[in-house]
Amino acid sequence: MGILEVKNVGKRFGGLQALSDVNLSVAENTVHAIIGPNGAGKSTLLNCLVGKLIPDSGSVMFDGQSVLGRAPYEINQMGISRVFQTPEIFGDLTVLENMMIPCFAKRDGAFELNALPSVSQQKDVVDQAMHMLEEMRMADKRHMHAAAMSRGDKRRLEIGMCLSQEPRLLLLDEPTAGMARADTNNTIDLLKQIKQERDITIAIIEHDMHVVFSLAERITVLAQGTPLVEDTPENIKGHPKVREAYLGESA
Amino acid sequence: MNVKPDFSKNANQATTAPAFLSVWDMHAYYGESYIVQGVNFNVHEGEILALLGRNGAGKTSTLRSIARTGSPMVTHGEIWLDHKPLHKMTSYEAAQAGLGLVPEDRRIIPGLTVEENLQLAQIAPPIGWSIERLYDLFPRLGERRKQEGVTLSGGEQQMLAIARALARDIKVLLLDEPYEGLAPVIVDEIEKTLIHIKEQGMTTIIVEQNAVRALELADRAVILDTGTIVFDGSAAEVLGNAELRSEYLAI
Amino acid sequence: YTNEPTGGTVTLGFNVPQTGPYADEGNDELLAQQLAVEHLNGMGDGGCLNTFTSKALKGNGILGKKVQFVTGDTQTKSDAARAAAKSMIEKDGAIMINGGSSSGVAVAVQGLCQDAGVIFMAGLTHSNDTTGKDRKKNGFRHFFNAYMSAAALAPVLSKEMGADRRAYHLTADYTWGWTQQESIAAATEAMGWETVNNVLTPLASTDFSSYIAPVLNSGADVLVLNHYGGNMVNSLTNAIQFGLLDKVANGKDFKIVVPLYSELMAAGAGENIKGVLGSMNYNWQLDNEGSKAFVKSFGEKYGKPPSNSAQTCYAQVLLYADACERAGTFNPCGVAEALEGFEFDGLGNGKTLYRADDHQCFKDVLVVRGAQNPTNAYDTLEIVEVTPVEQVMYAPDHPMFGGAEASLGECNSGA
Amino acid sequence: MDAIILQILNGLDKGSAYALIALGLTLIFGTLGVVNFAHGALFMIGAFCAVTVQRLLNLSFQTVDETQKDFLGNPLKVDTPYVEAWFGPEIGAAIIDWSVPLALVFAIPIMLAVGYAMERGLIKHFYKRPHADQILVTFGLAIVLQEIIKYFFGANPIQTPEPSALKGSLDIGLMLGFDPNAIIYPIWRLVYFTFSVVIIGGVFAFLQFTTFGMVVRAGMADRETVGLLGINIDKRFTIMFGIAAGVAGLAGVMYGPLNPPNYHMGMDFLVLSFVVVVVGGMGSLPGAVAAGFLLGVLESFASTTWATTTIPGINQIIIYLVAIIILLTRPRGLMGRKGVMED
Amino acid sequence: MLGLDKKDTSLLIIVAILTLLAPFILNPFPAGSAMAQFNAGYPDLMQRFVIFGIFAIGFNILFGLTGYLSFGHAAFLGVGSYSAVWMFKLLSYNVIPAIALSVVVAALFALLIGYVSLRRSGIYFSILTLAFAQMSFALAYSVLSNPKFNLTNGETGLQVYADDPQIFHRDSLPDMPHLFGLSMRSTYKLDIGAWSFDFNVGYYLCAVIMMVMFYLAIRIFRSPFGMMLRAVKSNQQRMNYTGLNPRPYTLAAFVISGMYAGLAGGLMAAMDPLAGAERMQWTASGEVVLMTILGGAGTLIGPVLGAGFIKYFENIFSKINDTILHQWFSFLPDGIEDFMVFIVHPFIGKGWHLTLGILFMLVVIFLPGGLVEGGQRLGNWLRNRGKRSGEAKTKHEPAE
Ligand SMILES: Nc1ncnc2c1ncn2[C@@H]1O[C@H](COP(=O)(O)OP(=O)(O)OP(=O)(O)O)[C@@H](O)[C@H]1O
Ligand SMILES: Nc1ncnc2c1ncn2[C@@H]1O[C@H](COP(=O)(O)OP(=O)(O)OP(=O)(O)O)[C@@H](O)[C@H]1O
Ligand SMILES: [Mg+2]
Ligand SMILES: [Mg+2]
């Protein structure tokens, strides 16, 4: 019984069956990669997990509880964090503030009228955010407006924000797209390290096979809205159908 | 290097073949932050130039400066395209002069269908590939022509962005991370397309984090670091220079 | 007492709408008040000082002090009017406030002046409340009111249209509209008319077509428009558009009545007022000595005849000054006493009484009609009848005026 | 039955005024994304074009008539309009009589010029600025325009009557077989309704059958990208603004005979027209038009005696009540597009 | 100090000094001089400055932080005023219960309207709030003032009549709003030479309350709650997926700003015991929007500046008439004097709207951040002139 159990999930957009009969089980404390051609339904599946979309059929259980019908913030409070395909950060806020918001969410829950003490007095949160920034090697940028960062930096910030919540399940949608090689490697290391230090389960969507094969313990290949195969990285690499439909000759 | 080259028509005394696109001593600012700090380079007709560098090095800013988007603001420098002074033009004039930019965040226009996004590219002259021909190149787009562009999957959006550039009869194609988010097989496809259009005489500048891939494709490479050029030479040279690769590209 | 003048001058505060829809009317009031100040200070031709029956004013200012004035903008909003009045009282040391163009503003500013301890003389305010349930010891009104309009109009209506009429009322949905409608309905019903319907229209309405359209089919043969200002101009224009005046209902020619007229409204309504009956406080065509002197003085200075609100404001400035002279002080309590029960003539309205019980002024009321063939822009209205004052008198404790409970309260000098 | 037809008719002409103003407003507000508080002022300027034309046609020379006296007892100066002197009294009088329709011709270039000047001189710099700044600057402009008109024309309403041939009303009830006087309807209101249908149709056709509308919509969503595709979006924005100003102005010219123009008529309509546009749904022209007519008809029904006696004061609040109900049941108004002015 | 950092403390101290010394600062010209027309230091206007300052500060908590543009905030102002006057009518002229009730009622009203309106965002939200406020206005102006059920006294405005119960009224107490016997209207006049200064009880009550409210606003701006509100403005989607529910945050901001408005309304009634429906009209809501943007939305001091600016024009410029102009220019030869008066005439007195409109445009065109930005630029210019150093600054200061 995995921490995340997706059963028979289907989703239609008008005439397009984006997901059909998807079954997926992610075991606790593993890194599970989902790969597949463009438009296969990977992001759609993720959207169904975090409450952005409601599947037409099927069930999604997280840690024995159904997530369907819950608002995104409730699902997040259950312990699922998500990084988006195009960076979603608080552009008008500084980098440090961006990092503090998830820390507050973790500490205070979905709503807390904390209107009188000043932010700088919340030492625990400031420290936690600074610590995370240092870990992401962004501490020197903490006073910058997040919108003014280059895109690779935005993406790293977003990953950091999700990690600082210490989620039980982290969903990453192409976390290293547009990231410089050096930072990609850093991110891989960071994820590995976090994986070691904390009880965390990671589901990752990625087209960069270097990342996938460095991290994943299991891989599901999605094609045209249904899982094609699920296996270990080694087996996937050699899978002829996957090679043909997805990896191409350069893999 | 800082001698102003003579780009006027009768300047045949240049030592190498005349440059098709020249950027001379370009400086650009975002508000008060100084980002592009005196960039010089030439691209010859039919050449593919790889523009490389870390996150935040200023690659996107350089491309946007050439495309005359107005942000960042170019305060000094000259840009010549086929004897036409781009630095005196606004973005739409530059586009009519034959410049095509595929922006990094794809910039699919909300509220418009896939087909409308393409039609939009064919309103102002010069008009390039027919829409049907583009659908042949990217069948996925043809299947989704009535879908709203922004609901496409990440990879599909990238295809649309490239198709939109080809829908215009451009002379210089500026690609900002075109492979991002694309499945490996599709990347292979696009690479083939780029080689194909290069054979037909297209001049291309490509910004790409996957440096090896870009260098294998490119004739020449320019490496940027904090807004200045630190290397300008042939692509093979970069591949052969381990120091350069590890210092600026982490490969 | 508040703002006791100490130097060689005394300051009056003129509070009129300078912005908003009544700005032109306010401007007219302001011109008249400036003229009055000139006359008080002995400049110009002296205007009504020559015809006024009280001879206390000498043309040397008031009590020997030169008269100055300050102005404020009421914006025809109670809050703004009070702010402007306060500014004149607190900052500029105004000893009295004069003017205004709506009943809401008049009542609001009157209350303020009562509290601040200065005299208030209302401008154009037609609601019964101003000297009814909201009457104040420090406040005076020279203008007539809805009850008097009705009392003057009813007999003329009955004479012109017959005693057997069915009236349809459109009424602006706020205090003034209600009192006006109540008064007219009571007076016409007393003559035998029937009130078919009374429809309240929102003050903010700009188009009245949907209120006018059902009128013809309702069995009514008279339409009474209890509207003022822009509301009246538009509702009358709409009524004419629907061709009501060309119709025959119950075998009679259809008629329209606008109980309260003003020159500016008449100008705004243009040709549409032809033949429509209404009432007024004053009209420049009135043929008496005071009126002639005032029209001449005003007309020569400004090139147009004065409106009835201009005349009201002019007369009130002179009356106030005269009361100070007769009382020998600027103390509001003294001035109020001098004004109470004061009877005079020569300011344009004929014989006039300031009743002590409610500070309402009693004089003849004019019934007017939109002229059929005006020869110029200013004689769009013609006087049908000058209703004698006796006919519009009422008891100070009349139920429409707050009944027995209404009281002026104590005089406040601000000391 | 007749009462229902009557109120529908009434609602239609009220609605056509709302729809016309909302149409112009939504071109700027829903399409260009500029919160234009000066739109009402454009409507007012249109109405004052009619006033101006009327004044121009009435330009007169004075002759002194000794037989008549003016209010001060001096000899009366009689005005004779030049047009009557030039074209003869009858044709001259007819020209003056038709001044409102004539003003349409005059208003078109004026409004286009006003729209052009406004967009190039001011609005252009505000496309990228926050909506709040747009509100402040256009509100300032509205006040300025309004005060200028007040300075020249005064605060009092000024009649701009319809041609006498179009005065009066039709007994539509009689035509439909009802009693006489059951449904009467002023001719000019029919003219106004027809006029608005024609204008609305024209604008729709222009935006529907050309790519213009799509380009402007795209430009609003993402100016930069549209520029990168070689399109001079500024020029199109200017044209769009000119059209919007023209629609507002023509609506104003034709409105004059219904209710005499005054300098604050723009402000009177401003809030209402915003409500109409938003209820219709941001970015949707059909939405704006539909909401205009819907609210017009509902307002008419709410003003009937039946409605006001059932729910006292319903005529005061109907528009706002309906707006609230619609916005709560349909998140983006009647036909709003996603993402337009939602943040 | 007081839990504020150094910068905020100095801002608070400056504001405190300015408000406490306002009677001096606003009356710079000797009484009776030609320039005395520009003096604003009389009780009514000073009260208005601070009351509208409170209103705008509160509005800015909603608009400046969350970006939700309410077009119906005047409704809370009006409700506050009505509640205060009702307290005067029922209990006594003591301002404390009146102000307390006005805040409570406004809070409840804001909770109701906010709960419904916040289901939508952007322009849809603005129009919903506008619609609620316009309905309140229409009802207060007419329906709620009918003789049977007179809650608001319609056009005339709600006021205290002699026959009202006023159950706690004693004869020893003043017959006007007071604070335990200290009348709001009592004013001490200080004459120094040609100058004259007014120290008014009502003003100082409002001023102290404004300082407290300003202090609270600083605290809110700097608190985690304030940060969450800015996050709402920046990216609601990210907030949702970070486990935060934006709705209660925005609703809390809405209610808080409604309470500020109610407080301002209560104070208005406490200074001048009359509550009119016009206070709820859209123009009044629009005014506070303009004040906030004009001063600088999202800044702490901006709204107060904007409020002062607009109220100054409304009260000072509208009162300048031709007679005063002639006095000013009387030193010029007659022809030129008349010409100058002719030139200036359209902009003053009844033309004050025109001047205000032009200034709105100028400010927003040349100072995109409002008056606060004007101040900052002036400050920078002065500093740079002092330093005369050419180094370009790249540091991005978050807007304060
Ligand atoms: N809102 C929508 N309306 C219509 N179609 C949609 C919508 N959202 C997604 N789709 C379609 O559903 C399919 C699956 O999309 P999805 O984003 O899940 O793909 P993906 O696997 O994440 O692809 P990529 O790797 O390119 O990001 C795509 O073909 C897309 O066009
Ligand atoms: N809108 C902006 N305002 C201010 N600074 C900006 C803005 N956009 C980018 N910058 C800054 O300019 C620098 C260069 O950014 P640019 O986007 O050109 O880098 P890049 O080389 O394309 O990086 P990446 O690989 O991450 O896309 C970065 O330091 C970034 O923070
Ligand atoms: Mg995806
Ligand atoms: Mg980049």
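Residues are numbered from 1 along each chain as its sequence is written, while chains are lettered from A and ligands numbered from 1 in the order in which they are written. Because the model is predicted, local features need pLDDT of at least 70 and side-chain atom pairs count only at pLDDT 80 or more, whereas totals for chains, interfaces and linings use all residues; side-chain values use heavy atoms, with hydrogens and water left out.

**Chain B: the strands**

Select residues 21–30 of chain B, which form strand E1. Helices (H or I, at least four residues) and strands (E, at least two) are DSSP runs, numbered from the N terminus. Eight of the 10 residues of E1(B) are buried, where buried means under 20% relative accessible area, exposed over 50%, and partly exposed in between (1.4 Å probe, protein chains only).

B:Met26 has B:Val39 as its bridge partner in E2(B). Two residues separate the strands of this hairpin, and B:Gly31 takes a positive phi near 55°. Strand E4 (residues 73–81) of chain B is also antiparallel to E1(B), with seven bridges, and B:Val23 is partnered there by B:Ile79. In a regular strand the side chains alternate between the two faces of the sheet.

**Chain B: the magnesium ion**

Select ligand 4, a magnesium ion coordinated by B:Thr60 through OG1 and by B:Glu104 through OE, at 1.9 to 2.4 Å. B:Thr60 belongs to helix H1 (residues 59–66) of chain B and B:Glu104 to the loop between strand E6 (99–102) and helix H3 (114–121), so the pair ties together parts that are 44 residues apart in sequence. Donors are N, O and S atoms within 2.8 Å of the metal (3.2 Å for Na, K and Ca); water is not among the atoms, so sites may look incomplete. B:Thr60 is buried, at 17% relative accessible area, and B:Glu104 is buried at 16%.

**Chain B: a salt bridge within a helix**

Move to helix H7 (residues 184–199) of chain B, where B:Lys192 and B:Glu189 lie three residues apart, about one turn of the helix. The two form a salt bridge, with the closest N and O atoms 3.8 Å apart; the term denotes a side-chain nitrogen of Lys or Arg within 4 Å of a carboxyl oxygen of Asp or Glu. B:Lys192 is partly exposed at 46% relative accessible area, and B:Glu189 is partly exposed at 41%. Over all chains, the count comes to 67 salt bridges.

**Chains C and E: a link between chains**

Select E:Asp44 and C:Lys86, which form a salt bridge with closest N and O atoms 3.3 Å apart. E:Asp44 lies in helix H3 (residues 43–66) of chain E and C:Lys86 in helix H2 (residues 78–90) of chain C, so the pair joins two chains. Both E:Asp44 and C:Lys86 are buried.

**Chain D**

Select D:Glu119 and D:Arg120, a salt bridge with closest N and O atoms 2.9 Å apart. D:Glu119 is buried at 0% relative accessible area, whereas D:Arg120 is partly exposed at 24%.

Then display strands E1 (residues 60–69) and E2 (residues 75–81) of chain D, an antiparallel pair with seven bridges. D:Ser60 stands opposite D:Pro81. Five residues lie between the strands of this hairpin, and D:Gly73 in the turn has a positive phi of about 90°.

The UniProt annotation "transmembrane region" (unreviewed entry) covers several spans of chain D, including residues 16–35 and 310–328; such annotations are given in the numbering used here, with shortened feature names, and may be inferred rather than shown by experiment. Residues 16–35 are 80% helix and 0% strand, with end C-alpha atoms 22 Å apart. For residues 310–328 the values are 84% helix, 0% strand and 24 Å.

**Chain E**

Among the chain E spans that UniProt lists under "transmembrane region" (unreviewed entry) are residues 12–29 and 91–116. Residues 12–29 are 72% helix and 0% strand, their end C-alpha atoms lying 27 Å apart.

Finish with the nonpolar surface patch, which includes E:Ile13, E:Phe24, E:Ile192 and E:Trp195 and has about 840 Å² of accessible area together. H1(E) gives the most to this patch, with five residues. E:Ile192 lies in strand E4 (residues 187–192) of chain E and is partly exposed at 44% relative accessibility. Patches are made of residues with over 30% relative accessible area and no salt bridge, like charges being joined within 9 Å and nonpolar side chains (Val, Leu, Ile, Met, Phe, Trp, Tyr) within 5 Å. Accessible areas come from the Shrake-Rupley method with a 1.4 Å probe, and for residues only the protein chains shown count as cover.

Note on methods. Two strands pair if DSSP finds at least two bridges between them.
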